[in-house]
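Here is a tutorial dialogue on reading side-chain features in a structure.

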Amino acid sequence: QVHVMESGGGLVQAGGSLRLSCAASSSIGSIDTMGWYRQAPGKQRDLVARITTDGSTNYVDSVKGRFTISRDNAKNTVYLQMNSLKSEDTAVYYCKANLCTSVCFQYWGQGTQVTVSS
């Protein structure tokens with residue numbers, strides 16, 4: 001079984017900061033790449049940032065310079081530090097963990113709401 005759980009969302013004023021955490025646990029293999037996605041009302045779920053086990057990162061252009069993704073491999077935990085938040089960052093943020101053996105499977109958390117007030 002694989003469990004993925006996010007925490008750290010909330011309400012913040014524009015220009016403020018929040019830190020999201022996501023812990024993944026697996027009894028069937030090792031967690032590979034982990035990432036954060038977000039979905040605003042009426043929109044599709046899009047990638048925000050992802051990080052591999054060796055620390056390589058990718059960010060969507062709209063958050064570069066404001067968000068930082070990091071991970072603790074020993075804890076299978078990934079973090080998203082969000083600074084200089086804007087109203088357009090308002091969304092439900094989801095964590096995804098990949099587990100790869102001969103094929104890769106994706107596991108999603110339940111999501112955490114981030115609301116940025118202007």
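**Reading the side-chain contacts**

A: Arg38 is buried, with a relative accessible area of 15%. Keep in mind throughout that this is a predicted model.

Q: Which side chain does Arg38 meet in a salt bridge?

A: Start with the general idea. Side chains of opposite charge can pair when their charged atoms come close. Here the partner of Arg38 is Asp89, with 2.9 Å from N to O.

Q: Is Asp89 buried or exposed?

A: Asp89 is buried, at a relative accessible area of 1%.

Q: How many salt bridges does a search of the whole structure find?

A: The search finds three. Another one joins the side chains of Asp89 and Arg66, at 2.8 Å from N to O. This pair links distant parts of the chain, 23 residues apart: Asp89 is in the loop between β8 and β9, and Arg66 is in the loop between β6 (57-59) and β7. Both Asp89 and Arg66 are buried. Through shared partners, salt bridges join Arg38, Arg66 and Asp89 into one network.

Q: What about Lys64 and Asp61: are they buried or exposed?

A: Both are exposed. The side chains of Lys64 and Asp61 also meet in a salt bridge, at 3.0 Å from N to O.

Q: Which cysteine does Cys100 join in a disulfide?

A: Cys100 is joined to Cys104, with an S to S distance of 1.9 Å. The torsion about the S-S bond of Cys100 and Cys104 is about 110 degrees, so this disulfide is right-handed. Cys100 is partly exposed, at 25% relative accessibility, and Cys104 is exposed, at 51%. With the bonded cysteines of the protein chain numbered in sequence order, the pairing reads 1-2, 3-4.

Q: How many aromatic pairs does the structure hold?

A: For an aromatic pair, read the distance between ring centres together with the angle between the planes. The structure holds one such pair. Tyr37 and Trp108 are edge-to-face, with 5.0 Å centre to centre and 70 degrees between the planes. Tyr37 lies in strand β4 (residues 31-39) and Trp108 in strand β10 (residues 104-108), so the pair ties together parts that are 71 residues apart in sequence. Tyr37 is buried, with a relative accessible area of 12%, while Trp108 is partly exposed, at 32%.

Q: Which ring does the charged end of Arg45 sit over?

A: A ring can also have a charged group over its face, and here two cases are worth noting. The charged end of Arg45 sits over the ring of Tyr94, 3.5 Å from its centre. Arg19 lies over the face of Tyr79, at 4.1 Å from the ring centre.

Q: Which residues touch the most other members of the largest nonpolar core?

A: The general idea comes first again. In soluble globular proteins, nonpolar side chains tend to be buried together. In this structure the largest nonpolar core has 27 residues, and Trp36, Leu80, Met82 and Tyr93 touch the most other members. The strands that each supply at least two residues of this core include β1 (2-7), β5 (46-51), β8 (77-82) and β11 (112-117). Strand β9 gives the most, with five residues.

Q: Beyond its neighbours within four places in sequence, what is Tyr93 in contact with?

A: The contacts of Tyr93 include Leu20, Trp36, Val48, Phe67, Leu80, Met82 and Val114. Also among them are Glu6, Arg38 and Thr112. Tyr37 is another contact of Tyr93, and Tyr37 is the residue that forms the edge-to-face pair with Trp108.

Definitions and conventions. Residues are numbered from 1 along each chain as its sequence is written. This is a predicted model: local features need pLDDT of at least 70, side-chain atom pairs count only at pLDDT 80 or more; totals for chains, interfaces and linings use all residues. Side-chain values use heavy atoms; hydrogens and water are left out. Rings of Phe, Tyr and Trp (its six-membered ring) pair if their centres lie within 6.5 Å; planes under 30 degrees apart count as stacked, over 60 as edge-to-face and the rest as tilted. Helices (H or I, at least four residues) and strands (E, at least two) are DSSP runs, numbered from the N terminus. Buried means under 20% relative accessible area, exposed over 50%, partly exposed in between (1.4 Å probe, protein chains only). A charge sits over a ring if NZ of Lys or CZ of Arg is within 6 Å of the ring centre and within 35 degrees of the ring normal. A disulfide is a pair of cysteine sulfur atoms within 2.5 Å. A nonpolar core is a set of buried Ala, Val, Leu, Ile, Met, Phe, Trp, Tyr and Cys residues joined through side-chain atoms within 4.5 Å. Contact means heavy atoms within 4.5 Å. A salt bridge is a side-chain nitrogen of Lys or Arg within 4 Å of a carboxyl oxygen of Asp or Glu.
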